[in-house]
Amino acid sequence: MMFSPSVGTARVIAIPKTDKSKLYTVQVYRSISLLPTPGKCLESLVIGRLSSFLESIGQIPHQQYGFTAGRSTTDAIYKVMESVHLGRKLGTKCCLLALDIAGAFDNAWHPAVLTSL
């Protein structure tokens, strides 16, 4: 099967965020990628097969809620609340560490990411 170059080429549009004071910095813009329909179909097929494969060989941890079918932020919050309630019931202490890595991919060393892939 032969794909034309336009299948994987996205049109990227920069939309400014509400903070108008920093219009000359990259962080104030939100990028949106518009893929052609064949590209979206290919992306959907690859994601579906890869997810199914990783699930079948047990490579998706039970603690993962993001990018997992049938799990949401609400489920993650419920799990945290469940742990807190269990800790209180048992009289133990609870500690929550939340890590928000803003722009992690933007700041990653891309040669290392490509080597890992």
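## V46 and helix α1

V46 counts as partly exposed, with 48% relative accessibility; here buried means under 20% relative accessible area, exposed over 50%, and partly exposed in between (1.4 Å probe, protein chains only). V46 belongs to helix α1, which covers residues 37–56. Its C-alpha atom is separated by 40 Å from that of H85, a residue 39 positions apart along the chain.

Before going on, please keep in mind that this is a predicted model, in which local features need pLDDT of at least 70 and side-chain atom pairs count only at pLDDT 80 or more, while totals for chains, interfaces and linings use all residues. Residues are numbered from 1 along each chain as its sequence is written, and side-chain values use heavy atoms, with hydrogens and water left out.

## Overall layout

The protein has 4 helices and 2 strands, and from the N terminus they follow the order β-β-α-α-α-α. These elements are DSSP runs numbered from the N terminus: helices are H or I with at least four residues, and strands are E with at least two.

How does the radius of gyration compare with what a compact globule of 117 residues would have? The protein has 20 Å, whereas such a globule would be near 13 Å. This radius is taken over C-alpha atoms, and the globule rule is 2.2 Å times the number of residues to the power 0.38. Along the principal axes, the C-alpha atoms fill a box of roughly 60 × 45 × 30 Å. Buried residues account for 4% of the 117 residues.

## Strand β1 and the nonpolar patch

I13, I15, I32 and L34 make a nonpolar surface patch of about 290 Å². Strands β1 (11–16) and β2 (29–34) each supply at least two of the patch residues. Patches are made of residues with over 30% relative accessible area and no salt bridge; like charges are joined within 9 Å, and nonpolar side chains (Val, Leu, Ile, Met, Phe, Trp, Tyr) within 5 Å. The accessible areas come from the Shrake-Rupley method with a 1.4 Å probe, and for residues only the protein chains shown count as cover.

I13 sits in strand β1 and is partly exposed at 30% relative accessibility. P16 is found in strand β1 too, and at 39% relative accessibility P16 is partly exposed.

How many salt bridges does a search of the whole structure find? The count is 1, with a salt bridge defined as a side-chain nitrogen of Lys or Arg within 4 Å of a carboxyl oxygen of Asp or Glu. The side chains of K79 and E82 meet in a salt bridge at 3.3 Å, N to O. Both residues lie in helix α2 (residues 73–90), 3 residues apart, so about one helical turn separates them. K79 is partly exposed at 41%, and E82 is partly exposed at 37%. Side chains of opposite charge can pair when their charged atoms come close.

## Cysteines

The model has 0 disulfides, a disulfide being a pair of cysteine sulfur atoms within 2.5 Å. For C95, the nearest cysteine sulfur is that of C94, 8.4 Å away. C95 is exposed, with a relative accessible area of 77%, while C41 is partly exposed at 48%.

## Confidence

The average pLDDT is 81, and 91% of the residues score at least 70; pLDDT is the predictor's confidence in each residue, from 0 to 100. Among the elements, α2 has the highest mean pLDDT (92) and helix α3 (residues 104–107) the lowest (72).
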